[in-house]
Amino acid sequence: MLFRSVMFTALSKIRKAKNAQPDELEERVAQAIYELQMNSEKLKAPLAECHVSAAKEVDIGDGKQAIVIFVPVPLLAAFQKLVKERSLIEELEKKFSGNSIIIIAERRILRKETRSGRQHPQQRPRSRTLVAVHESILDDLVFPTEVVGKRTRVRSDGSKLLKVHLNKDSEAKAIEKVDMYTKVYKNLTGKEIAFEFPSR
């Protein structure tokens with residue numbers, strides 16, 4: 001009975017759209033965040049007002065997984081503050097056997113309206129376009145490293161590769177993560193991407 005009570009309280013840390021039920025991974029993420037809130041003096045206050053909205057595993061090769069945690073857009077800044085301080089990511093990675101943890105805002109893409117008639121009561125915001133959402137996913141993915149430039153390379157077969165320039169100052173910390181970033185971005189957007197650290 002006590003376990004059920006604790007689990008119910010832990011599930012307050014995840015709120016899915018349309019009151020959908022969380023899957024096993026999402027329950028584990030909610031439980032981990034709840035435990036950190038209860039047991040870490042450093043994280044207790046910041047996590048009290050935070051919750052997540054979804055989670056998924058992405059295969060990044062060599063038998064390793066990255067766990068992508070989606071959070072509501074209004075809470076992204078609070079989570080990113082904890083990411084910048086490294087405390088939240090490090091503690092979650094310990095709880096998930098060293099699997100990489102990535103925190104991204106959950107954004108919805110609104111489809112482009114057709115000529116046959118308006119589907120939305122108001123004009124579609126730019127932040128809800130496919131391009132804008134994919135750009136935001138990229139920024140969230142590499143945070144706290146900063147994207148300083150992008151260029152698209154069109155191959156001879158017509159396929160495209162997005163080359164992203166990251167801040168050279170962050171190379172030492174981010175270089176070991178670029179392969180993970182590439183695979184997670186491809187999984188979330190379907191687009192191929194490559195990272196570089198160009199000199200100024």
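Predicted model: local features only at pLDDT ≥ 70, side-chain atom pairs only at ≥ 80, totals over all residues.
The protein contains 8 helices and 6 strands. Along the sequence, these elements follow the order α-α-α-β-β-α-α-β-α-β-β-α-α-β. Of the 200 residues, 42% are buried. The accessible surface amounts to about 12400 Å². Carbon and sulfur atoms contribute 49% of that surface. Among contacts with a separation of 6 or more, 58% join residues 24 or more positions apart.

Beyond residues up to four places away in sequence, Leu47 touches Lys13, Ile33, Leu36, Gln37, Phe79, Leu82 and Leu88. Phe79 lies 32 residues from Leu47 along the chain, and the C-alpha atoms of the two are separated by 8.4 Å.

Leu47 also takes part in the packing of α3 against helix α5, the latter formed by residues 87–95. The two helices pack at an angle of about 105°. Their axes are 11 Å apart. Because angles of 65 to 115 degrees count as roughly perpendicular, α3 is roughly perpendicular to α5. On the α3 side, the contact involves Lys42, Leu43 and Leu47. Ser87, Leu88 and Glu91 meet them from α5. By class, this contact has 3 nonpolar, 1 polar and 2 charged residues. Leu88, one of the α5 residues in the contact, is also listed among the residues that Leu47 touches.

Terms used. Residues numbered from 1 in each chain as written. Heavy atoms only, no water. Contact = heavy atoms within 4.5 Å. Axes fitted to C-alpha atoms, helices over the stretch in contact; angles between N-to-C directions. Helix = DSSP H or I, 4+ residues; strand = E, 2+ residues; numbered from the N terminus. Parallel < 35°, antiparallel > 145°, perpendicular 65-115°, else oblique. Nonpolar A, V, L, I, M, F, W, Y, C, P; charged D, E, K, R; others polar. Buried < 20%, exposed > 50% of the residue type's maximum accessible area, 1.4 Å probe, protein only. Areas by Shrake-Rupley, 256 points an atom, 1.4 Å probe, with all protein chains shown as cover.
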